[in-house]
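Hello,

Here is the structure I said I would pass on. My notes come after it.

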Amino acid sequence: MGPYTDHWQQYQRESNRRTVRLLLMLPGLPLIALAGWGLSLVTDWAVPVQVALAVAWLVQFTRMAMAASKVPCPRCGTRYARGKTLRNCPGCGLPMFAPGP
């Protein structure tokens, strides 16, 4: 166990929570469609309301997904977006999940 092990374990727990939150948002889109159908029986404003709800859902989902990809470096504090090609901190070069210096 190195000095960064606790940091990476906490990061993994938080990452799992963020993934679950994203998955819990997925039923929101069909619910918006269902609400639009229900509103179409009552008012002529159904389509604009449905579009506004869908755009708001998409913006929130995108923000949550972007935040879920951020990695805080335990050595230098840099926050960077992980990906296929970016696994090491761009600030200090610490590899992800490295236990120590």
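This is a predicted model: local features need pLDDT of at least 70, side-chain atom pairs count only at pLDDT 80 or more; totals for chains, interfaces and linings use all residues.

Residues are numbered from 1 along each chain as its sequence is written, and side-chain values use heavy atoms, with hydrogens and water left out.

Helix H2

Helices (H or I, at least four residues) and strands (E, at least two) are DSSP runs, numbered from the N terminus. Helix H2 takes in residues 28–40, and its 13 residues should span 18 Å at 1.5 Å a residue; the expected span is 1.5 Å times one less than the number of residues. The end C-alpha atoms of H2 are 18 Å apart, which agrees.

I use buried for under 20% relative accessible area, exposed for over 50%, and partly exposed for what lies in between (1.4 Å probe, protein chains only). In H2 the buried residues are Gly-28, Ile-32 and Gly-36. They cover an arc of only 85° around the axis, so they sit on the same side of H2; the arc is that of the directions from the helix axis to the C-beta atoms. Their cover includes helix H1 (5–25) and helix H3 (46–68). On the face of H2 turned away from the buried side are the exposed residues Pro-30, Leu-31, Leu-34 and Trp-37.

Surface patch

Leu-31, Leu-34, Trp-37, Leu-41 and Val-42 make a nonpolar surface patch of about 610 Å². Patches are made of residues with over 30% relative accessible area and no salt bridge, with like charges joined within 9 Å and nonpolar side chains (Val, Leu, Ile, Met, Phe, Trp, Tyr) within 5 Å. Accessible areas come from the Shrake-Rupley method with a 1.4 Å probe, and for residues only the protein chains shown count as cover. Leu-41 lies in the loop between H2 and H3 and is exposed, with a relative accessible area of 61%.

Helix H3

For the 23 residues of H3, the span should be 33 Å at 1.5 Å a residue, and the end C-alpha atoms are 33 Å apart, which agrees. The buried residues of H3 are Ala-46, Trp-57 and Ala-68. They pack against H1, H2 and strand S1 (70–72), where contact means heavy atoms within 4.5 Å. Ala-54, also found in H3, is partly exposed at 26% relative accessibility.

Charged pair

Side chains of opposite charge can pair when their charged atoms come close. A salt bridge here is a side-chain nitrogen of Lys or Arg within 4 Å of a carboxyl oxygen of Asp or Glu. The count comes to one salt bridge: Glu-14 with Arg-18, the closest N and O atoms being 3.5 Å apart. Both residues lie in helix H1, four residues apart, about one turn of the helix. Glu-14 is partly exposed, at 30% relative accessibility.

After strand S2

Pro-90 lies in the segment after strand S2 (79–81) and is exposed, at a relative accessible area of 55%. Neighbours within four places in sequence aside, Pro-90 is in contact with Thr-78 and Tyr-80. Phe-97 is found in the segment after S2 and has a phi near 65°, a positive value in a residue other than glycine.

Regards
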